[in-house]
Amino acid sequence: MSTSPTPEEREKKDAEAKAREEEEQSKLPYKWTQTIGDLDITVPVPGNLKGKDFNVVLSKTKLKVGVKGQEPILDGDLPHPIHVDESTWTLTTLSASGKSAASAQPSKVIDIHLDKSNKMEWWPHVITSAPKIDTSKITPENSKLSDLDGETRGMVEKMMYDQRQKEMGKPTSEEEGKMEMLRKFQQQHPEMDFSKAKMG
């Protein structure tokens with residue numbers, strides 16, 4: 001008897017795990033997103049504060065964000081190193097749309113951009129003490145072939161060509177190469193009988 005879950009059970013487990021992950025992430029005092037190469041964090045802060053009121057420290061392996069004289073909002077070790085010189089933070093005032101004219105100060109956010117040292121790695125969390133996300137469920141953003149380096153681009157183009165050929169029931173580039181070698185061999189050796197030759 002098989003102990004592996006049915007597709008329905010797996011789907012239910014995945015949905016439960018995703019709901020738990022979303023709940024854990026929603027409780028964090030910040031929001032974050034990432035691409036394979038960088039990570040962006042948005043920390044809501046009181047609208048009456050200015051940049052000089054904050055203590056933001058970005059180092060190769062640590063991050064600290066807070067209001068001076070108060071407990072940090074975010075403080076801990078990064079799961080992987082960053083390029084400090086390419087990482088930044090800014091204080092942004094959010095537009096007051098939807099607020100009445102009499103309402104208090106506009107709200108602000110600290111936007112933090114972290115440039116990952118390893119551009120081929122998804123992060124499970126911003127700091128190691130925060131709840132993890134399941135990085136195996138991340139769907140990467142679409143990238144253009146022109147974004148890839150020459151060797152990688154050539155490999156991807158070959159894979160795409162081979163996939164299209166297979167879908168149309170035509171030979172892949174490797175199979176075409178073998179057929180071309182056989183044709184050349186046949187031309188060089190017309191005395192041989194190739195009627196029973198099989199490709200495989």
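Trainee: Where is Trp-89 found?

Mentor: Trp-89 sits in strand β6. Strands here are DSSP runs of E, at least two residues long, and helices are runs of H or I of at least four, all numbered from the N terminus. Before we go on: this is a predicted model, where local features need pLDDT of at least 70 and side-chain atom pairs count only at pLDDT 80 or more, while totals for chains, interfaces and linings use all residues. Residues are numbered from 1 along each chain as its sequence is written, and side-chain values use heavy atoms, with hydrogens and water left out.

Trainee: Okay. Is Trp-89 buried, exposed or partly exposed?

Mentor: The labels come from relative accessible area: buried is under 20%, exposed is over 50%, and partly exposed is in between (1.4 Å probe, protein chains only). Trp-89 has 29% relative accessibility, so it counts as partly exposed.

Trainee: Which residues is Trp-89 in contact with, leaving aside neighbours within four places in sequence?

Mentor: Contact means heavy atoms within 4.5 Å. On that basis Trp-89 is in contact with Gly-51, Phe-54, Val-56, Ile-110, Asp-111 and Ile-112. Take Gly-51: it is 38 residues from Trp-89 along the chain, yet their C-alpha atoms are separated by 10.0 Å.

Trainee: How do I read the sheet that holds β6?

Mentor: Strands of a sheet pair through backbone hydrogen bonds, either parallel or antiparallel. Two strands count as paired if DSSP finds at least two bridges between them. In this case four strands make an open sheet, ordered β1-β2-β7-β6, with antiparallel pairing. The edges are β1 (31-34) and β6 (88-93); each has a single partner strand, so one side of each lacks a neighbour in the sheet. From one strand to the next, the twist averages 15°. Such angles run from 0 to 180 degrees between N-to-C directions, using axes fitted to C-alpha atoms (for helices, over the stretch in contact).

Trainee: How many bridges join β6 to β7?

Mentor: Six, and β7 covers residues 108-115. Look at Thr-92, which stands opposite Val-109 in β7.

Trainee: What is the order of the open sheet of three strands?

Mentor: That one runs β3-β4-β5, again with antiparallel pairing. Its edge strands are β3 (54-58) and β5 (74-77), each pairing on one side only. Five bridges link β3 to β4 (residues 62-67), and a hairpin of three residues connects these two strands. Val-56 has Val-65 as its bridge partner in β4, while Asn-55 stands opposite Gly-66.

Trainee: Which residues have the most contacts inside the largest nonpolar core?

Mentor: A nonpolar core is a set of buried Ala, Val, Leu, Ile, Met, Phe, Trp, Tyr and Cys residues joined through side-chain atoms within 4.5 Å. The largest has 25 residues, and Tyr-30, Ile-41, Leu-63 and Leu-114 have the most contacts inside it. At least two residues each come from β2 (38-45), β3, β4 and β7; β2 gives the most, with four.

Trainee: And His-125, is it buried or exposed?

Mentor: His-125 is buried, with a relative accessible area of 4%. Its place is the loop between β7 and α2 (150-167). Its side chain reaches the backbone oxygen of Ala-130 at 3.0 Å.

How values were computed:
Polar contact = N/O pair within 3.5 Å; in protein donor to acceptor, adjacent residues only side chain to side chain.
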